[in-house]
Every structure is written in C-alpha cells, then in structure tokens.
Amino acid sequence: MIDIDTLAWDKQGGLLPAIVQDAATLRVLMLGYMNREALGVTLASGRVTFYSRSKGRLWTKGESSGHVLELVSIEADCDADTLLVQAHPHGPTCHLQRPSCFPAAPADGLAELDALIAQRERERPQGSYTTKLFEDGVRRIAQKVGEEGVETALAAVAQDEAALLGEAADLLYHLTVLLRARGLSLQDARQVLQARRG
C-alpha cells in the first residue's frame, strides 16, 4: 500500500498531514497528522489512527464515539510529505456530528445516492418508496428502469430540457436501485466505464 520508509518524515518534525477522504463519495472528511507509529498502526489495524498534537499520543478516530474510519487506501503526494487517506466512515467524522469537518466539502452526488439506496436496502424503513421497490423485487424495478428509459428518450425527442433532466434523474435513481437489488453498485458500473477508456 505505502512504504513508510520512503516518506519525508524529517521535513515537518516527524509528522505528516493526512487528508482523509470518503472512499465512496470522495468528500474530504478531515485533516489529521500521522507519525511513523500512527501510520504503522493504521496499516496494521485497518482503522485510521493519528498522532494527536494536543493529547501528545496516538489517537484512533472513533475511539470514544465509535465513529471509526475504516481504511481503504493511503498514498503519498509527489513530495512524499503529505498523505491522502481514503476510508469508509462509520458515522459522522466531525465532532459536531457532521459527515465532514468541512461543512461545504463537495462530494460525488451519485455516490451519495448509491450509499443512501444501499442504506435503504439494509434498513428497509417503513413508508420509503425505495423500500417498496426492493420489496416488489427485481422484475418490478427492471420494469421501472424500462419505463424511465422510454420517458427519458421521449423528453429528449420533444426537446424539453426540464423534462429531460427530470426523467434522467428518475432513470439514474431507478437504475441505482436495480443495481443494488442485484448486489451491484454504481461504482461497479463506473469501473466498467473506466476499463473501457483508452
């Protein structure tokens, strides 16, 4: 994943800034600092751990709140003096109970939709249209994708931009539900598109 010994530890007194990004939505979640030991613990445990300058010790995110950051990947920048950590957050990252310490940090809206639909599939809240779709089954969801695809095409032919955008949004939503119903995700579809590039 990353070679600890190749990093520029001496530049900043043994600490490297570590920018944490949600691996699913790409939203920047927080900034912390890692020393060699914190990076080693992170790699060994799979839980993002920092060196707390205020506490003067290692600190695993979520050690008191339970809102841990599950490690996905770590990479260094071109100068080997800053880390980009991708993780799956389990609960809000910010101590103010927000997803990010940066309230307006942008994220991938489709990835957020995919995560919300995955949550709906797991939890099946009463009264949710998404829950109803999952309970109706793959055939009904596939039928909705077909209907929305036709409606999107008709809106395009009619040259009605507002209708086209609305139908396209409906199509993306229902397609995301269909993928989830089959145990897949939008990220899986993106990986196919990425493999087709070049």
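Predicted model: local features only at pLDDT ≥ 70, side-chain atom pairs only at ≥ 80, totals over all residues.

Biologist: What makes the contact between Arg-180 and Asp-114 a salt bridge?

Modeller: The closest N and O atoms of Arg-180 and Asp-114 are 3.1 Å apart. The definition asks for a side-chain nitrogen of Lys or Arg within 4 Å of a carboxyl oxygen of Asp or Glu, so the pair qualifies.

Biologist: Which residues does Thr-176 touch, and how do you know whether Thr-176 is buried or exposed?

Modeller: Thr-176 belongs to helix 5, residues 161-181. Residues up to four places away in sequence being left out, Thr-176 touches Leu-113, Asp-114, Ile-117 and Leu-186. The relative accessibility of Thr-176 is 1%; with the limit for buried at under 20%, Thr-176 therefore counts as buried.

Biologist: What makes Lys-144 and Glu-147 a salt bridge, and where do they lie?

Modeller: Their side chains meet at 3.5 Å, N to O, and the rule requires within 4 Å. Both residues lie in helix 4 (residues 138-157), three residues apart, about one turn of the helix.

Biologist: Which salt bridge does Glu-148 form, and what is the distance between the closest N and O atoms?

Modeller: Glu-148 forms a salt bridge with Lys-144, and the closest N and O atoms are 3.8 Å apart. Glu-148 and Lys-144 are four residues apart in helix 4, about one turn of the helix. Arg-140, Lys-144, Glu-147 and Glu-148 are linked in a network of salt bridges.

Biologist: What is the order of the strands in the open sheet, and which strands stand at the edges?

Modeller: The open sheet has four strands in the order 2-1-6-5, with mixed pairing. Strand 2 and strand 5 (69-76) each have a single partner strand, so one side of each is left without a neighbour in the sheet and they stand at the edges. Neighbouring strands of this sheet are turned by 25° against each other on average, direction ignored. Helix 1 (residues 36-45) packs on the sheet and touches strand 2, strand 5 and strand 6.

Biologist: How do you know which strands pair with strand 1?

Modeller: Two strands pair if there are at least two bridges between them. Strand 1 (residues 16-22) is joined to strand 6 (residues 83-89) by five bridges, and these strands run parallel. Six bridges join strand 1 to strand 2, and those strands run antiparallel. Both counts meet the requirement. Ala-18 has the bridge partner Leu-83 in strand 6 and the bridge partner Gly-32 in strand 2.

Biologist: Why is strand 1 described as largely enclosed?

Modeller: Six of the seven residues of strand 1 are buried, so the rest of the structure largely encloses this strand.

Biologist: What makes the phi of Ala-80 and Gln-97 worth a remark, and are these residues buried or exposed?

Modeller: Ala-80 has a positive phi of about 60° although it is not a glycine, and Gln-97 has a positive phi of about 70° although it is not a glycine. Ala-80 is found in the loop between strand 5 and strand 6; its relative accessible area is 16%, so it is buried. Gln-97 is placed in the loop between strand 6 and helix 2 (109-123). With a relative accessible area of 51%, Gln-97 is exposed, because exposed means over 50%.

Conventions: Residues numbered from 1 in each chain as written. Heavy atoms only, no water. Helix = DSSP H or I, 4+ residues; strand = E, 2+ residues; numbered from the N terminus. Axes fitted to C-alpha atoms, helices over the stretch in contact; angles between N-to-C directions. Contact = heavy atoms within 4.5 Å. Buried < 20%, exposed > 50% of the residue type's maximum accessible area, 1.4 Å probe, protein only.
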